[in-house]
Amino acid sequence: MNIAADTPLADQRSAEILESARRAFAEKGFDGASMQDIAREAGMSVGNFYRYFPSKAAIVEALIAFDMEEMERDFSTILIHHSPLQALRETIERRITEAECQGDGKIWAEITAAALRKPEIREIAYRMEQGIVAHLITIFSLAAKLPLDEAQARWTAHAHLLVMMVKACAMQSPDNPTTADLTQLVLRNINRTLDDIATSAAAKG
């Protein structure tokens, strides 16, 4: 994903810096890429760089914020679709494909690994996942015509499973000869998970 593509001019420099951070993390890893490396990649002095992002955690938080904005747009479109679950299936498949094509999986693999070691990164990643889960449950509630609290009780685990499968699939290396087959297997299981909700939706209809 090109963060800077549709960014207002006032935020353009921050977006460009974040693209530089993505490249540095993908090339050297989260721990391997120093703040100096990221500043150099962005064509900035370290002192000027710190005015934008004082830490790696701040960079990750901004990366997640940009991705969440994109996902918010996706979820808004899904919620007004005549078939929310079908729209969700198509959106998930598209996002997995985009992550593979654009190399986003590698950076999220680095952030996920860092979250296991660094509490501040773990908290940021956790908030993102909880936000996605909440959106998914809202979609399930709408599709099945169930109150939100009932959908939450039934399908919170389903929502977390979907997040887990999408993350794992997106983080597969495109150089792995089994990646294409694994992607299809994951998509098949994602569809089976969504079929559980679709069955309830059909019963309510």
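In the protein chain, residues 24 or more positions apart account for 64% of the contacts with a separation of 6 or more. The model is predicted. Its secondary structure comes to nine helices and zero strands, and from the N terminus on the elements run α-α-α-α-α-α-α-α-α. Of the 205 residues of the chain, 43% count as buried.

Helix α1 covers residues 12–28. The 17 residues of α1 should span 24 Å at 1.5 Å a residue, and the end C-alpha atoms of the helix are 24 Å apart, which agrees. The buried residues of α1 are Gln 12, Ala 15, Ile 17, Leu 18, Glu 19, Ser 20, Ala 21, Arg 22, Ala 24 and Phe 25. For Arg 22 the relative accessible area is 6%, so this residue counts as buried. After α1 comes Gly 29, which has a positive phi, near 90°.

Helix α1 packs against helix α4 (residues 56–79). The axes of α1 and α4 are 10 Å apart and lie at an angle of about 110°; the two helices are therefore roughly perpendicular to each other. On the α1 side the contacts are made by Ala 15, Leu 18, Ala 21, Arg 22 and Phe 25, and on the α4 side by Lys 56, Ile 59, Ala 62, Leu 63, Phe 66 and Asp 67. Between Arg 22 and Val 60 the C-alpha to C-alpha distance is 9.4 Å, with a separation of 38 residues in sequence.

Helix α4 also packs against helix α7, which comprises residues 119–144. The axes of α4 and α7 come within 10 Å and cross at roughly 5°. Because angles under 35 degrees count as roughly parallel, this crossing makes α4 roughly parallel to α7. The α4 residues in this contact are Ala 57, Val 60, Glu 61, Ile 64, Asp 67, Met 68, Met 71, Glu 72, Phe 75, Ile 78 and Leu 79. Their partners in α7 are Glu 120, Ile 121, Ile 124, Ala 125, Arg 127, Met 128, Ile 132, His 135, Leu 136, Thr 138, Ile 139 and Leu 142. Glu 123, in α7, is partly exposed, with a relative accessible area of 39%. Glu 123 lies 62 residues from Glu 61 in sequence, and the two are 9.8 Å apart in space, C-alpha to C-alpha.

Thr 91 is in helix α5 (residues 84–102) and is buried, with a relative accessible area of 14%.

The loop between α7 and α8 contains Lys 145. Phi of Lys 145 is near 55°, a positive value in a residue other than glycine. Lys 145 has a relative accessible area of 56% and is exposed.

Helix α8 (residues 148–170) has 23 residues, but its end C-alpha atoms are only 29 Å apart, short of the 33 Å that a straight helix would reach at 1.5 Å a residue. A kink of about 65° in α8 is centred on Trp 155. Trp 155 is one of the buried residues of α8, together with Ala 151, His 158, Ala 159, Leu 162, Val 163, Met 165, Cys 169 and Ala 170.

The axes of α7 and α8 come within 8 Å and cross at roughly 125°, and the two helices are therefore oblique to each other. The crossing of α7 past α8 is right-handed. Contacts from α7 come from Glu 129, Gln 130, Ile 132, Val 133, Leu 136, Ile 137, Thr 138, Phe 140, Ser 141 and Ala 144. They meet Leu 148, Ala 151, Gln 152, Trp 155, Thr 156, His 158, Ala 159, His 160, Leu 162, Val 163 and Lys 167 in α8.

Conventions
Residues are numbered from 1 along each chain as its sequence is written. This is a predicted model: local features need pLDDT of at least 70, side-chain atom pairs count only at pLDDT 80 or more; totals for chains, interfaces and linings use all residues. Side-chain values use heavy atoms; hydrogens and water are left out. Helices (H or I, at least four residues) and strands (E, at least two) are DSSP runs, numbered from the N terminus. The expected span of a helix is 1.5 Å times one less than its number of residues. The bend at a residue is the angle between axes fitted to the seven residues ending there and the seven starting there. Buried means under 20% relative accessible area, exposed over 50%, partly exposed in between (1.4 Å probe, protein chains only). Axes are lines fitted to C-alpha atoms, for helices over the stretch in contact, and angles run from 0 to 180 degrees between N-to-C directions. Angles under 35 degrees count as roughly parallel, over 145 as roughly antiparallel, 65 to 115 as roughly perpendicular and the rest as oblique. A crossing is left-handed if the near helix is turned anticlockwise from the far one by less than a right angle, and right-handed if clockwise. Contact means heavy atoms within 4.5 Å.
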